[in-house]
Amino acid sequence: MVIEIDKNSGFCFGVVNAIKIAEQSLGINNELYSLGDIVHNGAEIQRLQNLGLKTISRKEYFCLKNCKVLIRAHGEPPETYEYATKNNITLIDATCPVVLKLQKRIKTSYLDGEKENGQIVILGKKGHAEVTGLRGQTSNNAIVVNTIEDLDQVDFERPITLYSQTTMPISEFVAFSEEIKKRAKNPASVTIKDTICRQVSNRVPRIKKFIKNHDLILFVSGKKSSNGKFLYSVCEKNHPHAKFISNKEDLKEKWFEGVVKIGICGGTSTPSWLMEEIAYTIKTKFDTHLPLNI
């Protein structure tokens, strides 16, 4: 048997950058607040908690004063920065550069669109941290859509500019773009802005290619990761023997019976060290003759 870890899996740049910034700050001060989970992976959060990182909710944040708080890769709305200024909170901003650029684009678009009675529509998951930050650039006036029914909130007689949360599937963005153009009274007044991060979206064809070469697929992800759930659904649809696991304790010996090639992959919030730990566990616990290809 052979174990192979997908080299294209693991943290995206934004998450790598946020964790690096957190580790640097914790190296100077052994305590730091993170506004929300820095990454949707329990094992990685626990590792950082051991270094002094403390995750807080937005409600807890708006009760703090005189401290340091990390802004994770998802970004934050303007009110978060305004509160920090008034309450002597030092913000360590680890917003992903792609998200930060999108926030600025949406803010400019919103201010320009006000002159023409326009609307900002954002394709994304309601309540997702990135979407909260994006909507905040429009004084919370942007319309967030995630289902076709959500489009009933849009006034199709007014100009529309469509943006997307950076991690949404391209197929969904295309479908919503076409539906909005079809419903618009004046299709020429509809502006489509493809703001999906290709580093994330390109993982779909790459993971499809990777799983073809293995008898068993172990997809490693935190249960709260939206990206993990989506990429695992891709594995499930394209491979008859795909298993979702969050840690080495989820492994079951019966999965490895008669298996020749094992593929390990994960989402944008899956740490490489965790996939390597799982590969090592399989080799040492279930078959001491398994060669590792990491």
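This is a predicted model: local features need pLDDT of at least 70, side-chain atom pairs count only at pLDDT 80 or more; totals for chains, interfaces and linings use all residues.
**Helix α11**
- Helices are DSSP runs of H or I with at least four residues, strands are E runs of at least two, and both are numbered from the N terminus.
- The buried residues of α11 are Leu274, Met275, Ile278, Ala279, Thr281, Ile282 and Phe286, where buried means under 20% relative accessible area, exposed over 50% and partly exposed in between (1.4 Å probe, protein chains only).
- Seen down the axis of α11, these buried residues fall within an arc of 155 degrees, so they line one face of the helix; the arc is that of the directions from the helix axis to the C-beta atoms.

**Nonpolar core and its surroundings**
- A nonpolar core is a set of buried Ala, Val, Leu, Ile, Met, Phe, Trp, Tyr and Cys residues joined through side-chain atoms within 4.5 Å.
- The largest one has 20 residues, of which Val15, Ile19, Leu32, Ile38, Val39, Leu53 and Leu70 touch the most other members.
- Helix α1 gives the most to this core, with 6 residues.
- Ser25 is found in helix α1 (residues 13-28) and counts as buried at 8% relative accessibility.
- Leaving aside residues up to four places away in sequence, Ser25 touches Leu32 and Ile92, a contact being heavy atoms within 4.5 Å.

**Strand β1**
- Ile3 and Ile5 form the covered face of strand β1 (residues 2-5), while Val2 and Glu4 form the uncovered one.
- β1 pairs with strand β12 (residues 261-266) in the parallel sense over 4 bridges; pairing requires at least two DSSP bridges between the strands.
- Ile262 in β12 is the bridge partner of Ile3.

**Cysteines**
- The structure holds 0 disulfides, a disulfide being a pair of cysteine sulfur atoms within 2.5 Å.
- Cys96 is in no disulfide, and the nearest cysteine sulfur, that of Cys12, is 6.3 Å away.
- The sulfur of Cys265 is 4.3 Å from the closest cysteine sulfur, in Cys235, too far for a bond.
- Cys265 is buried, with a relative accessible area of 0%.

How values were computed. Residues are numbered from 1 along each chain as its sequence is written. Side-chain values use heavy atoms; hydrogens and water are left out.
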